[in-house]
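Dear colleague,

Please find the sequence and the structure below. My notes on what was found follow directly after them.

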Amino acid sequence: MVEIGQVAIVAAFMVTAYAGFVGFAGGALNGRDLATSARWGFYSVVPLLLIATASLIYAFVNNDFSVKYVAENSNLAMPRIYAWVAFYSGNAGSLLYIALAFSIMGAISTKVLSTRLPYTSPYAVGVMSIVLLFFLGVILFLANPLEQLSVIPEDGQGINPLLIHFGMFIHPPFQMLGLISVAIPFSVALGALLAGRGGRDEWVDQGRLWGMVSWLILTVGLLLGAWWAYTILGWGGYWAWDPVENSALMPWLAMTAFVHSIMVQKRRGMFRMWNMVLIITSFTLAQLGMFINRGGPVPSVHSFAESTMGWIFLAIMGLTLFLSVVIFILRYETLKSRGSLESFLSREAAFLGQNMLFLLIAFVTLWGTVFPIFSEAVDDTTMTIGQPFFNKVNGPLMLLLIFMMGVGPLLPWRRATWPMILRMLRVPLGFGILIGVLTWIFGVREPWAIFSFSICGIAVAGILQEWARGTMSRHSRGEPFYQAFPRLLAANRPRYGGYVVHLAIVMLGVGIVTSSFYDVQRDVVMKPGDTEKLGKYTFTFIDVTERTFADRLEETARFEVWSGGRSLGYMYPYRAFYPEFRMAATGGAINSTLLEDFYLVPSEFREDGQAVFRVLVNPMVWWIWASCPVLVLGTLLSLSPNSRASRRRLSLSNLSKESSGTPISRPGAGTGS
Amino acid sequence: MACSGLIEVTDEETRIKKLNKSIMCPVCPGESIDQSQNELAGYMRDIVREKIDQGNSDEEIRGYFVDRYGPVVLMEPPSSGLGVLAWAVPPVGLVVAVIAVWLTLYLMRRRNLGDKGSREDMNDESLVPELSPEELKRYSALFERNVMARESKTKTGDEDQ
C-alpha cells in the first residue's frame, strides 16, 4: 500500500507540473485544447492524492510502523479513530492533507471557471497548479509522509495528547483548508490579470464566490479553534493573541476586506486595483500563516507541526509576492476604474475606509507578532507582546469597525447629503445611546464596556431599521408581513445575507466584550466534601475517580453544583496524564447558559487528597459559539444564486443605458440605497 | 467595577487580576501568570498578592519580576526604550491609513470632477433631443411605469445592494 501511495505522489507531482505549464500555454496561445488538457490534468491530481492519502491512513489504521511518519505520530494505544487526526498532526502529513484539500477545491473551482471565464480559467488553472506543485515538491523532496524506515520499531511514539479531542477532527482541517483556499480567489484574480481582463469585471462574480467560500472556511476554522481552546485547553479563555492565532486572523482580516470591496467593483466598476492589492495581500498573509505554524521564528503554544522548513515557506511567500507585484505592474493599465467617486459621503468611500481599517488591524497584529524578533535583533532585549497589548491596540480599532459595520450599509451609493445621513442614522444612534444608558443603569461602570455595547446597539438597530423599512414598503404594496419579510431577504441575497452575517458579528462582539471585561476567576484548594461559593454558584467537591488507560491516567473529579437554590446536577472536570509525553491535558466541565458559563477545571490533584481547581464564571460566552451557525447561514444566503433578481437587474441596466445622458434619468441614479 | 447581576469583585481583586494578566509565566511562553496553571505561575501569583499586602505599587511589583527575568516577563512592552516603538507604530499606522483613505478619495474625486465637464455637456438642455409635447408625455408615462416602479423598489432595498 505504501509503495502505491509513493508512486501516486510522484505521478501527482508530474501531472501538476504538466497542468501548470499547459495552463499557461493555453492561456497565452488562446488554445482551447491546451486549456482543456490543463483542466483534465488538474482533475486527475485529485484521485492520485486520494490514493496517497488512503495509503497513509491505511498505514495508520494497521499500525504500519515501517512508515516513519506513522511511527512518529501514532502508537498501538491510540484509538484507531484518531488515524484521521494523526494523518495531519505532523508536518509531512499536514502538507499532504493541504495538497489533497486544495486539489479537490481547486478542481471544483476549475470546473466552474471553465464555463464562466473561458479566457481567464487557463491562467487560473496554471496559477493553482503552481501553488499545488510547491506543496507536492516539498512533500516529495523534503517531508514525505510515506517515507519508510530501514529499522521497523515495535511501537510508535504516539500522537500529541492535546490533539485527542473531537474538536481536532474538524478544527485543523478547517483551518488549513481555510488558509490554502485563499489561493483560489487569488488564482482567479491573478488569472484575470494575466489574461489582461482584470479591468473587465467578468472575474468579479467568481472572485467574490470563491473569496466568500474561503472566508467562510477561515471564519469557521477560527471559531472552531477558539471553541477547542475553551473546552479542552482548560484555561477558561478562547483567544490569547498567540502568534499562530494571529497568523490565522491576519488573512481572515484581509479576506474580509476583499469580500466587501469586491462588491464595489461588482456594483460600480471601481476599486479594480484595490481588489487586486487586497487578494494578493490575503494570499501573502495566508502563506505567512502557514510559515508561522510550521516552525516559524516566534514561540507559540500551537506549533505542533514544528520543523525547520518554515523558511522555505517564507522564501516562497516572498517569491509569490514578488511575481504578483510584477504581474500587477505589467497589467496596471488594464485596471483603470470605470466608475468614479462622486462624493466623500458615499458607500464607496465608507467601503474604502472599512477596507483600510481591516488592513490596519492586520498590520498592527503583524507588527505585534514580529516585534519580539525585531527587538531581539536590534536591541538584544527579548520583549513579549501579549494579550494586553493587542487588547489595547486592536480593541478600539475593532470597535470602530463595528461602528462602520452599523452605519456603512445605511449610506447610499454614489452620493449622500448630510440631512439624508442624519435621517438614516437618527434611529440607530438613538438606540445606541439608549443601550449605553441602560447598561449604565444596570450597573456596568467600565467606560469601554458601555461604549462597546452602545456601538453594538447602533449596528443592530441599523440592520433592523433596514429590515423594517423594506418590510413596511412591501407591506404597503399589499404583501402581508409574514410574506413581506422573507421575500425581502430573498430579493437581494448578497445584501440581506450580509446583514445576517453582521448580526452574527454583533453576537460575537457582545460575547467577546462581556466575557473579557466581566470574567471572574478563582483558584480554590478543596478536599472531598468541601463546599465553595463563587457568585450565585455553590459547588461541592464530592470525590475523585482514577482510571488507567493504555496511554493515560485520568483523574476525574465529581462536583455537585447549585445555582442559587437550583441544582445543576453533577459536573465532571478531569485531568489526564500521558506518561509517554510527560504531558497533562485538562478537560473543563462547563455549565453553559445564555447569560454565563460556570466553568470548572482541575489544576492539580495532590497526594494528600486535596486538589486545586480553577473556577470561572464567563459571561455571555454562549453567544460567541451561537454566532457561528448564524454566520454560516448568512454567508450561504448571501452566496445563493438569485437568478430572478439578476435578470431584472439586467433589464433595468439596459433601460437606463438607453436613457443615459438625459436629465430625466438623473433622479434615480443617486438614490439607490 | 462592581456590576449588579454579576459577581461582586473587590477593587483589590481587580488590581491583582490586572497585575497577574500583565506578567508572563516564564516557563510557558505567551501565557500570563493569571492564565497559566503551572506551579511557578502559582508561586508568582502568591508573590504578587504578598507584595500588594506589603503596600508595593504596581510598578514596583512588575519591576521586581523584571529584575529577575528581564523585560520579557512583561506581557506588554514597557513604555520606555525600544518598547515605545511597539506602542507608537499602531497610532502612526492609523494616521497614515486616514491620510491614505482621504488622499485616495480626493484623487478619485478630482478625476471625477475632471470628467464632469463632459457629463455636464450631456446634461446640457441643448443636447437633449427635441421632443414634442405628446412625445414627452408618452415618454414620461413609459418612464413612470418602467423606471419609477423599479426605483421605488430599489429604495426599499429589493434590488440594490
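Helix 18 of chain A and helix 19 of chain A are roughly antiparallel to each other, a term for angles over 145 degrees, while those under 35 count as roughly parallel, 65 to 115 as roughly perpendicular and the rest as oblique. Helix 18 (residues 493-517) and helix 19 (residues 621-639) pack at an angle of about 170 degrees, and their axes are 8 Å apart. Axes are lines fitted to C-alpha atoms, for helices over the stretch in contact, and angles run from 0 to 180 degrees between N-to-C directions. Helices are DSSP runs (H or I, at least four residues), numbered from the N terminus. The contact of helix 18 with helix 19 is made up of 18 nonpolar residues, eight polar and one charged. Here Ala, Val, Leu, Ile, Met, Phe, Trp, Tyr, Cys and Pro count as nonpolar, Asp, Glu, Lys and Arg as charged, and the others, Gly among them, as polar.

This is a predicted model, in which local features need pLDDT of at least 70 and side-chain atom pairs count only at pLDDT 80 or more, whereas totals for chains, interfaces and linings use all residues. Residues are numbered from 1 along each chain as its sequence is written, and chains are lettered from A and ligands numbered from 1 in the order in which they are written.

Another helix pair in chain A is helix 16 (residues 447-476) and helix 17 (residues 481-491), which pack at about 125 degrees with axes 9 Å apart. Helix 16 of chain A is therefore oblique to helix 17 of chain A. Among the residues that meet are W467(A) and R474(A) from helix 16, and F481(A) and L488(A) from helix 17. Residues are in contact if their C-beta atoms, placed from the backbone, lie within 7 Å. This contact divides into five nonpolar, three polar and two charged residues.

L285(A) counts as buried because it has 25 C-beta neighbours inside 10 Å; the cut-offs within 10 Å are 20 or more other C-beta atoms for buried, 12 or fewer for exposed, and in between for partly exposed. Leaving aside neighbours within four places in sequence, L285(A) is in contact with M250(A), P251(A), A254(A) and A362(A).

Finally, the domain assignment of chain A gives domain 1 (1-164), domain 2 (201-401) and domain 3 (520-622); such bounds come from an automatic or database domain assignment. In chain A, 14 residues of domain 1 are in contact with 11 residues of domain 2.

Yours sincerely

Methods
Helices (H or I, at least four residues) and strands (E, at least two) are DSSP runs, numbered from the N terminus. Two residues are in contact if their C-beta atoms, placed from the backbone, lie within 7 Å.
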